[in-house]
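Please look at the sequence and the structure before reading on.

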Amino acid sequence: MKKYLVLSCYFALFLTACHKPVPGIDPNSEPTDTTEIMVKKYLEKQLLNDDPEKIMLDIDWNDDCSKILHVKHGLGFGSVLDYDFTYYDYDSIRIVFSMPQFSYPMWSFWYDSIMIHLLDKRIDSICCYDNGVIRHVDKYCYDDKGRIIERTYLYGTKDTFQWEGNNVIEACLLMKDYEYNSFTGFIHPHYNLPYYLSNYVSNEAPLPLFTPLWKYMPESDIYEYEADEDNYVVKAKSNITGNFYTYYYKSTN
């Protein structure tokens, strides 16, 4: 039960947000697109309660942050799932999943690897393998601005996204509908991650691994946030459980 409570809160972190005033930031100001002048930071680590043993995301980048090389993903219990990225030319990426032996909980895998096929630097499709056999093929669709609008996976299940500028305002994820009516001025930790990538490979965490679907955090009543001098979220505290998440970044500027 504890595992699924944390899992539910973790999922809610991607889908909802709460904003309270931070010194130096006007909470009532309208978010503006400052892409040309904003400091570009890349998420390196997300921890539960700022405990280095409770990794939720740990991302290894290459020098200029153009490629993700390795990811550790966990639910805050101390065990992690490893993702090893191997790049082939500029149009495909192979990701192999692994879990340290005797770790707990024992994650149950649907696949042991996936092959991402890229088109114009975006995911076109993902082939999901189990022991060398293709089990499923995910398909991604985009609008004329290059924003993801549909992902089809697992026997025709569809995630859909409706955008307004740099933010998703309506979504259907894992067959559940979400709507976002207002946004804070805080930059989402995943904004500069390269693509929407599902983590639908295990029973324990069938969640999006990377969700760069918002430039700004949506407002809600679940979380309160702290941001750094460049408006990137560095801490998110749950008003439900009292747990908090901390974020650490890498900058190439």
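How many helices and strands does the protein have? It has one helix and 19 strands, where helices (H or I, at least four residues) and strands (E, at least two) are DSSP runs numbered from the N terminus. This is a predicted model, in which local features need pLDDT of at least 70 and side-chain atom pairs count only at pLDDT 80 or more, while totals for chains, interfaces and linings use all residues. Residues are numbered from 1 along each chain as its sequence is written, and side-chain values use heavy atoms, with hydrogens and water left out.

**Overall values**

- Of the 253 residues, 51% count as buried, meaning under 20% relative accessible area with a 1.4 Å probe and protein chains only (exposed is over 50%, partly exposed in between).
- The accessible surface is about 12,700 Å², and carbon and sulfur atoms hold 50% of it; the areas come from the Shrake-Rupley method with a 1.4 Å probe.
- Among contacts with a separation of 6 or more, 49% join residues 24 or more positions apart, a contact being heavy atoms within 4.5 Å.

**Aromatic pairs**

- Rings of Phe, Tyr and Trp (its six-membered ring) pair if their centres lie within 6.5 Å; planes under 30 degrees apart count as stacked, over 60 as edge-to-face and the rest as tilted.
- By this rule there are eight aromatic pairs.
- The ring centres of Tyr 195 and Phe 210 are 6.4 Å apart and the planes stand at 45°, so this pair is tilted.
- Tyr 195 belongs to the loop between β13 (183-187) and β14 (197-198) and Phe 210 to strand β15 (residues 208-210), so the pair ties together parts 15 residues apart in sequence.
- Tyr 195 and Phe 210 are both buried.
- Tyr 223 and Tyr 245 also form a tilted pair, at 6.0 Å centre to centre and 55° between the planes.
- Because Tyr 223 is in strand β17 (residues 223-227) and Tyr 245 in strand β19 (residues 244-251), this pair ties together parts 22 residues apart in sequence.

**Charges over rings**

- A charge sits over a ring if NZ of Lys or CZ of Arg is within 6 Å of the ring centre and within 35 degrees of the ring normal.
- The charged end of Lys 67 sits over the ring of Tyr 87, 4.9 Å from its centre.
- For Arg 122, the charged end sits over the ring of Tyr 142, 5.0 Å from its centre.

**His 73**

- His 73 is part of strand β3 (residues 68-74) and counts as buried, at 1% relative accessibility.
- C-alpha to C-alpha, His 73 and Ile 55 are 6.7 Å apart in space, and 18 residues apart in sequence.
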